[in-house]
Amino acid sequence: MFKRPLLISSLTLSFLAACSKPAPAPEPTEQQSVQPTTASSVATLSIHNPSDFLRSQEPIYIPAADLGLAATEVQNSAFIATSTKGQLPSQWIDRNADGQKDTLLISSTLSAGETLELQITAGTAAELPKQTQAEISQKTGGQWQDKKYVGGHFENVSSLTPPAQYTDHSEFIRYEGPGIESDKVAYRIYLDWRNGFDIFGNKTGKPVLDQIGQDGYSSYHEMLPWGTDVLKVGKAVGAGGFGYWDGSKVERVSKLDGHTATIIENGPLYSALTIDYKNWQIAGKTLDVKAHLSMTAGSRLLQNRLTLSQPLDNLALGIVKLPDTQLLTGTLESSGHTYTYLATYGKQSLDGANLGMAILFKRGKLEKLTTDEHNHVAVMNVSGQHLDYYLLGAWQHELNGITNEQQFVEYLQQEVERLTLTPRLRLKTELTKAQTSQALTSERALYWSQQLANSELNRQAGQYYWGGWDTERDRPVAFEYTTGLLIQAFDDLDKYAANPAYQAVIDKMADSFVATDGTIHSYDASKFNIDSINSGNLLLRVFEQTKEPKYQLAVQKLRDQLKHHPKTSNGAFWHKQIYPNQLWLDGVYMGMPFLAYYSSLFEQGASLEQVVHEFVVTREQLRDDKTGLYFHAWDESKQMDWADKTTGRSAYFWGRAIGWLGMALVDVLDYIPADNTELRQPLLNMITELAADLARYQDPETGVWYQIMDKAGERGNYLESSGSSMFVYFYAKAINKGYLPKQQYLDISKKAWQGLLNEFVLVHPDGSISLTTMVQVAGLGAGRDGSYHYYMSEPIYRNDSKGTGPFIMAGVQMAQLLKD
């Protein structure tokens with residue numbers, strides 16, 4: 001049993017199936033025994049390894065703002081991480097390449113399922129052996145003769161923009177571009193029209209770039225004591241380089257106005273550089289591209305975070321096609337957020353040795369795998385302006401290296417899991433505790449809702465309009481359930497404590513999405529997606545406030561979808577047309593509150609029986625008699641791979657799915673008249689039942705709930721904030737409305753609300769707050785097999801509207817509950 005973890009957003013704290021042990025690796029660097037020079041505590045951090053294999057030198061990224069540290073404190077003070085074994089290797093880094101240290105990288109080594117407890121304190125960091133390096137070196141003291149630099153000597157520089165006459169083999173840049181490496185392998189990137197990614201094989205187990213090419217421009221083509229250049233890039237993009245897929249071949253990043261390479265970090269545990277590609281002319285566009293390349297100690301992986309100045313379809317990632325090699329691909333039958341790979345293995349090293357190369361990327365970003373004359377290619381769907389991926393090379397003669405194809409495949413499978421199944425982190429800071437430990441009152445509950453809402457105004461909510469940009473998903477904002485959920489939370493808050501800024505985002509979202517004739521931008525009724533209905537609740541609210549005809553026309557379109565929406569044989573709405581015969585708990589919330597609300601306004605309640613029937617079917621098909629919990633989904637046809645062949649049910653109790661059901665129950669009752677006791681009673685019975693069942697699975701230590709609710713202590717499981725916020729909303733609103741006895745459930749509600757604050761809220765130095773540890777999404781089908789491993793593998797975010805919206809709404813209900 002490991003100690004309960006809280007996972008901070010995988011986007012900002014950690015970058016991304018169990019398998020056999022790969023080739024032996026060197027022993028991990030010993031954790032230093034140097035103790036901090038002061039005992040000034042900043043935070044505690046728990047790190048849990050969710051895998052069943054050793055994770056050696058796992059990089060953990062903790063932003064300074066999460067630690068409650070301002071930029072000036074990071075620049076002027078030292079902070080370290082210690083366990084009972086001593087100080088862990090750590091390095092302050094400039095993660096976003098803006099010139100300031102902003103993130104504490106901790107190198108942690110954890111055995112299978114291990115949880116490591118750390119203290120973050122002020123102190124002097126131990127001196128570490130150098131395991132990474134980044135450099136760029138140009139000649140000086142010579143002169144240009146046509147396109148070749150003659151004479152002079154090499155000097156390392158922090159930034160370099162080659163002159164216009166520079167091209168391949170100009171002998172001006174040492175090994176022809178910037179280099180970056182770990183203690184396992186080194187890479188160079190040609191800073192010319194080829195944009196090739198090349199590999200230096202390293203035999204030493206220590207960084208070697210500073211030795212390469214010093215004694216002769218092309219000496220690295222020979223076997224030397226440190227190793228050798230192992231790859232023939234030729235006319236390809238090399239080992240994981242990028243370009244554009246024109247439909248038949250990869251076009252390299254060759255037509256542009258120049259490059260600038262800049263060294264960002266050159267430290268013992270982490271090194272990074274950027275390459276700015278100016279005015280790349282491709283596919284009828286001219287755009288700038290920034291490649292942010294980084295490596296960490298003990299890893300072969302080179303991360304490349306690409307940022308484009310405008311969207312570009314068909315970005316291509318490639319591996320040079322060489323003879324006598326085996327093409328390898330990872331599974332494509334998985335969640336879109338799962339990492340997979342395109343790889344080659346064989347005697348493709350220039351020295352005749354075995355060499356493995358791979359590109360690792362999220363399965364959902366892959367458009368297709370293809371090939372051209374020179375490259376094996378992964379064509380990517382960028383969707384927005386960012387693409388992150390990893391590349392790697394594994395040379396047979398590397399110290400303790402991988403020597404055969406089986407070992408290479410096993411190694412790739414572990415790397416896929418490391419990137420997909422991120423470490424579970426639980427962070428508690430002194431700055432946050434000082435505020436969350438204050439007495440729980442009505443005013444403080446409202447305060448936290450307002451604090452998160454105000455933070456979201458600057459982060460995301462201010463962009464929730466037609467034409468805005470969804471930074472959570474790196475795509476344009478659409479009329480989808482998350483948009484309406486967050487803005488509805490602002491409306492709840494505005495009704496309780498009016499604020500013109502809240503009303504402004506409400507008005508802008510509604511007005512921008514709905515045209516004068518009632519057309520809803522980005523809404524497609526023909527998909528019969530019940531998720532699309534949820535944002536109609538906000539339009540109904542705005543209609544009640546404004547009486548503008550366009551909103552009535554818009555909600556009529558949503559109502560028409562439900563009139564024709566396909567149903568199971570017992571009358572429950574399908575989740576989507578592409579998911580036939582399926583009832584999901586999520587969909588009950590997405591559709592039923594809207595249908596009840598609409599029917600009460602425009603149909604004299606004619607559809608309320610249908611609404612209640614949906615809940616009755618849900619209980620019949622999805623409630624587990626043994627636990628009282630609800631399974632995520634039911635497939636009437638029993639054909640889906642996740643569906644039990646006898647019951648049609650999925651296998652697990654996902655917290656947020658049950659949260660959607662709980663919120664739907666208390667919201668729908670708002671629209672069923674109090675004197676219609678017969679229609680209300682099934683819902684009231686479900687509320688009473690669910691309240692008792694949820695209480696049994698409330699974590700006794702923290703007061704919140706797990707991602708998989710009945711698997712407390714299972715490896716990889718974690719306390720999750722969105723479902724826990726929904727349960728607080730459910731309890732508090734049910735008590736406020738008189739559906740649950742206050743005497744019985746007040747303490748449960750208070751403990752749960754305080755648990756949200758203690759476990760998931762982070763206070764930043766600028767006064768903003770974040771809500772952490774929410775699963776980004778979970779579904780079934782389309783590669784999502786409904787297994788325990790699947791629910792653990794979905795990304796864990798912060799400040800996603802599926803969590804922030806319910807938290808804000810829960811705070812409003814708690815403020816009312818605690819008012820007496």
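Strand β3, residues 79-83, and strand β7, residues 115-122, pair in the antiparallel sense over four bridges. Helices (H or I, at least four residues) and strands (E, at least two) are DSSP runs, numbered from the N terminus, and two strands pair if DSSP finds at least two bridges between them. Within this pairing, Ala-81 has Ile-120 of β7 as its bridge partner.

Before I go on, a note on the source. This is a predicted model, in which local features need pLDDT of at least 70 and side-chain atom pairs count only at pLDDT 80 or more, whereas totals for chains, interfaces and linings use all residues. Residues are numbered from 1 along each chain as its sequence is written, and side-chain values use heavy atoms, with hydrogens and water left out.

The two strands belong to an open sheet of five strands, ordered β4-β3-β7-β1-β30, with antiparallel pairing. At its edges stand β4 (86-87) and β30 (424-429); each has a single partner strand, so one side of each is left without a neighbour in the sheet.

I turn to a second pairing. Strand β2, residues 55-63, pairs with strand β6, residues 103-110, in the antiparallel sense over seven bridges. Pro-59 stands opposite Ser-107 in β6. Eight of the nine residues of β2 are buried, and the strand is thus mostly covered. Here, buried means under 20% relative accessible area, exposed over 50%, and partly exposed in between, with a 1.4 Å probe and protein chains only.

Next, helix α14, which covers residues 721-736 and contains Met-726.

What does Met-726 contact, leaving aside its neighbours within four places in sequence? The partners are Arg-656, Gly-659, Trp-660, Met-663, Lys-802 and Pro-806, where contact means heavy atoms within 4.5 Å. Ser-725, under the exclusion of neighbours within four places, is in contact with Leu-756, Leu-771, Gly-803, Pro-806, Phe-807 and Ala-810. As for distances, the C-alpha atoms of Ser-725 and Gly-755, 30 residues apart along the chain, are separated by 9.7 Å. Met-726 and Tyr-706 are 20 residues apart in sequence and 13 Å apart in space, C-alpha to C-alpha.

Is Arg-656 buried or exposed? Its relative accessibility is 2%, and therefore Arg-656 counts as buried. Not counting residues up to four places away in sequence, Arg-656 touches Glu-720, Ser-722, Gly-723, Met-726, Val-775, Gln-776, Val-777, Ala-778 and Lys-802.

Thr-167 is found between β12 (159-160) and β13 (179-181). With a relative accessible area of 18%, Thr-167 is buried. Residues up to four places away aside, Thr-167 touches Lys-147, Asp-192 and Trp-193.

Finally, the protein as a whole. There are 17 helices and 38 strands, and buried residues make up 62% of the 820 residues. The C-alpha trace spans about 95 × 60 × 55 Å along its principal axes. For 820 residues, a compact globule would have a radius of gyration near 28 Å, and the protein has 28 Å, which agrees; the radius is taken over C-alpha atoms, and the globule rule is 2.2 Å times the number of residues to the power 0.38.
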